[in-house]
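I opened this structure to look up a few things and kept notes. The entries follow.

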Amino acid sequence: MSTGTETVVAAPDAEVPVTAAGRVRRKLTSRTASVVSLVIALLWTVPTFGVLISSIRPEDEIKSNGWWNFFANPQFTLENYEQVLFGARSASGGLAGYFINSLVITIPSVLFPLAFCSLAAYALAWTRFRGRDWVYVGIFALQIVPLQMALIPLLSFFNEGVSLGGVQLLPAWDLDGPDKFITVWFAHTCFALPLGVFLLHNFMAELPGDLVEAAKVDGAGHAKIFRKIVLPLIVPALASFGIFQFLWVWNDLLVALIFAPGPKNAPLTVRLAELAGNRGNEWQRLTAAAFVSIIVPLTVFLSLQRYFVRGLLAGSVKG
Amino acid sequence: MASNRQRRLLALSGAVVLALTVAACGGDSGNKSEGKLDTPECSAFADYTDIAGETVTIYSPIRDAEAGLLEQAWAKFADCTGVKIEYEGSGEFEAQLKVRVEGGDAPDLAFIPQPGLLEFFAKGGKLKAAGEKTKAMATQNYSPDWLKYGTVNGTLYGAPLGANVKSFVWYSPSLFKEKGWTVPTSWDEMIKLSDTMVAAGIKPWCAGIGSQDATGWPATDWIEDVLLREQGPDVYDAWVSHSLPFNDPKIISATDRVGSILKNEKYVNGGIGGVKSIATTTFQEGGLPVVQKKCGMHRQASFYANQWPKGTKVAEDGDAFAFYLPAIDPAKGKPVLGGGEFVGAFTDTPATQAVQTYLASADFANSRAKLNNWISANKGLDVANVSNPIDKVAVGILQDTGAVFRFDGSDLMPAAVGANSFWKGMTDWINGKDTKATLDFIEGTWPK
Amino acid sequence: MNFDFTAEAPKLMMLLYGVVAFAAVVGLLLLVLDVLPSRKDRWVALGLLAPAGLLLLVGLVVPAIRTLILAFMNADSSEFVGLDNFVWMFTDKNSGMLPDFGADPVSYGVLLSTFLWVLLVPTVSTAVGLVYAVLVDRARFESFAKSLIFMPMAISFVGAGIIWKFVYDYRQEGTEQIGLLNQLVVALGGTPQQWLLDGPWNTLFLIAVMVWIQAGFAMVVLSAAIKAIPADIVEAARIDGVTPWQMFWRVTIPSIRPALVVVLVTISIGTLKIFDIVRTMTGGQFGTSVIANEMYTYSFRADEKGKGAALAVLLFALVVPIVIYQVRVVRRRRLEAR
């Protein structure tokens, strides 16, 4: 099975284009294709590029003329980066602590949803029980619950526990210090579930049924089927969902403001939002901040890319 | 298969044991801080006993560099008494505070800039009434005018902290000198000066009301300042408390007077564009044309001093300075519009109350003022400790017993109006909506 | 950078616990399932769904029910007011939900702008993502080309706000422009515009920002789907001598249909909930507000919890068509499986 995939992956060097898209692209006069993709790439990059240039220009220049003037009159400074990295507020130290907070928040907040979503998606796709489809549609529909409306109930769940009619059913969690991270993980995991189950379920349901059936006939249990057959096949889907979840958590401000307050727990985004200054007049620092915070997600994307760009089922099991 | 499973189990239990061991070793190294109240340099804090080792959390809208200065200002107090102050500032303060309080995660103290919000929490039973010591300290240091904004139904909940004066018009002293203009001392003089500027080819006014989701607030300050001058403090109070409807002819008249400046294409928007550009210009950038000498005057609070580009000399003979927005009717006194924060407490532990009391003291006010860019209505604040010239003027106005001080009205109104429809209405108004329709809209959104 | 390791150690320890706990939970679940007889699907499903189900209950179901109840209560949730909040939404002119073309300036209303968002963002981002994915597929710098489009996804909303400020910024005619768009207009001999001021165009300029962010998502998912198209189908079509155009419409599109649906549905729901962009760029002024932004404003700023919750319920209602569509997809899939 995997060998089939490998052959396809090896194909780009071959003369014959094997994928539909590849064929479309090659057959279209390659000039039109290049021009169109170049235009899109430019439209998508120029705004970011402008900010990159701005981030190395002095404050007065940024605020008085356009970034393209940099090329005619290059004035270079690292002051913006200096302020972002080393902080204007003496008491809070540098950015390193916030960076670690971001990592501590993000990694489990990606792992837990990945695990719970794939387990749930498997159950919804490959086990049979009454009401299965309704459970699935129900979970799907929960995507619309706006995060903002869920914050207060969840916060009070942690701080006041659950009580019904004066009877305390669950105690308050009373977490402090590093333990507060647990609430952030919990919150992010909750909010990630509907979309995660939806994405992974769609993927799993597309897997060929005879594979699973054959394994069942061989006497394999669900745990074994999940581990040995389904899991390897959904690696690209897991990687895709993983990276998006990573981005959402890494860039999240709303959840962090509520569940990870204070320099001891707050992630990078909270600190960066603070950088604009009390009256918002220091926003030139944000140009540098945007690039400091983009580094990690971009690295993760580039290093994970091969997992979800790989032709996952190409030419092997389907058809 | 079986051995495989066993191996997995083993590995798993190994990991758990490891984790538990590490947890046990990594247990808290409780370093309970001791106060040193008995040392001579701490004699000023001798009253704040028995709070060593306690932690007080503060949540506030003040962040970044200014937050650092606050922490610096109370550092000695914390060091002497041994109390630990955990400070957190956020740009999303108002919304976040509501979420946290309702979610059972309230801070010990909050610096609340809107008396309306303070009232909201007090009436909801969330805020604790100020303790006896705090009350005594607050009464000693603040005028009744100020204390009334921290008082709900006769109970004091929070003493004031910082303050700002909004009735200022920024101008460029060097431009005025160049052209031979003088600072106006009456409303008519100011309008006459505006016309002179028009004749000289300089648009007399510039403004910006953009402020992300709070877009519109600078225009509400304009209305408040003019209403206070045109109709006097009694009408102003009636308007704020809604015993006078929002679309009353008196309010229409004040709004139209503001419109005669802000919606006058001849007068605005110096160095930026036409009338509508007021709506899309951020308040931070709204006054900058003044130092570029492309705009004559810019009405904005004392804190605008922080907005000028680096190297701008803020002084009576410098690049930028401000004059008091003159009175319209001298018979109505010398009205001053301003704002500030109030220190509300969500817990009533001795440590919280001690910090709350200290923040109301003259000692704190002076300690913070010495670090620059900060003023307070605290009567114990020594003007000598204020270095910024515009802050000196502002402190003078705040301590002037002849002045009639009124708090920013939109911060006193119900949030549905003061933090929503008033802003929205003023933005639409700048953008072409007529005065009557605007005020009718705002009146229609006042909670019943 | 003053980095105090002893201060950071407890956090890293916490991270370790988190990862260990994760491994323990997953391992335990799989162990238990291994032991269970495979025929008892109901119990297996229960075991697999339990963690997700409990979290969903606490994190989303309870809040959804709470919101539903609040929607029928007054501003401070002290008494029931029936349908008042919904009546306000659709009949009170001050709610700003419905268009008012008689007003000056014309008010297009929150519903209409939301509709525009939900119509344009999913379709345009998917189209751009698809075209780009097809065009760069197996191109020489595919990986690099993809990261260019992906980059906006890696930028936070605060960052995106700054980036687009540099595009839409307006300066008076005759002065030097800071915004790229106005610089282009001026270079072409036009007069600079205040892009975010005049409706209904300003909504389109905000939508462009969201499309810019979401196209990366569409591109990544669709690209993976394109690469998953079985080679023999492509080969067969090639032997039949189809044109590239036919290949695109008859092979590519039908093959990636499920992925297209996933992308469209996900972006639609995300767009319904969007409020950050509107809030940071215009604060919902100048007629650019959308339902989610109004919901946030009423719930957290204006102390009008009832109205805020009612607006959230309106969002729930708007997603019903998508849910019905999903029900049909599930039904069809089950029929096919038979």
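I began with the neighbours of C:Val221. Setting aside residues up to four places away in sequence, I found that C:Val221 touches A:Ser240, C:Ala259, C:Val262 and C:Val263. Contact here means that the C-beta atoms, placed from the backbone, lie within 7 Å.

A note on the source: this is a predicted model, where local features need pLDDT of at least 70, side-chain atom pairs count only at pLDDT 80 or more, and totals for chains, interfaces and linings use all residues. Residues are numbered from 1 along each chain as its sequence is written, while chains are lettered from A and ligands numbered from 1 in the order in which they are written.

Next I checked the scores. The model has ipTM 0.89 and pTM 0.89. Chain C has an average pLDDT of 88, and 97% of its residues reach at least 70. pLDDT is the predictor's confidence in each residue, from 0 to 100.

Then I looked up the core. Which residues have the most contacts inside the largest nonpolar core? They are A:Ala120, A:Tyr122, A:Leu200, C:Val221, C:Leu222 and C:Leu315, in a core of 331 residues. Helix 7 (residues 96-126) of chain A gives the most to this core, 19 residues. Such a core is a set of buried Ala, Val, Leu, Ile, Met, Phe, Trp, Tyr and Cys residues joined through C-beta atoms within 7 Å. Buried means 20 or more other C-beta atoms within 10 Å of a residue's own, exposed means 12 or fewer, and partly exposed is in between.

I turned to chain A. Its secondary structure comes to 17 helices and two strands. These are DSSP runs numbered from the N terminus: helices are H or I, at least four residues, and strands are E, at least two. Of its 319 residues, 53% count as buried.

I also looked at where chains A and C meet. I found 120 residues of chain A in contact with 111 residues of chain C. Helix 7 of chain A gives the most to the chain A side, with 17 residues. That side divides into 79 nonpolar, 31 polar and 10 charged residues. Ala, Val, Leu, Ile, Met, Phe, Trp, Tyr, Cys and Pro count as nonpolar, Asp, Glu, Lys and Arg as charged, and the others, Gly among them, as polar.

I found C:Asp198 in the loop between helix 7 (180-187) and helix 8 (201-227) of chain C. Why is C:Asp198 counted as partly exposed? Because C:Asp198 has 15 C-beta neighbours inside 10 Å.

How values were computed:
Contact = placed C-beta atoms within 7 Å.
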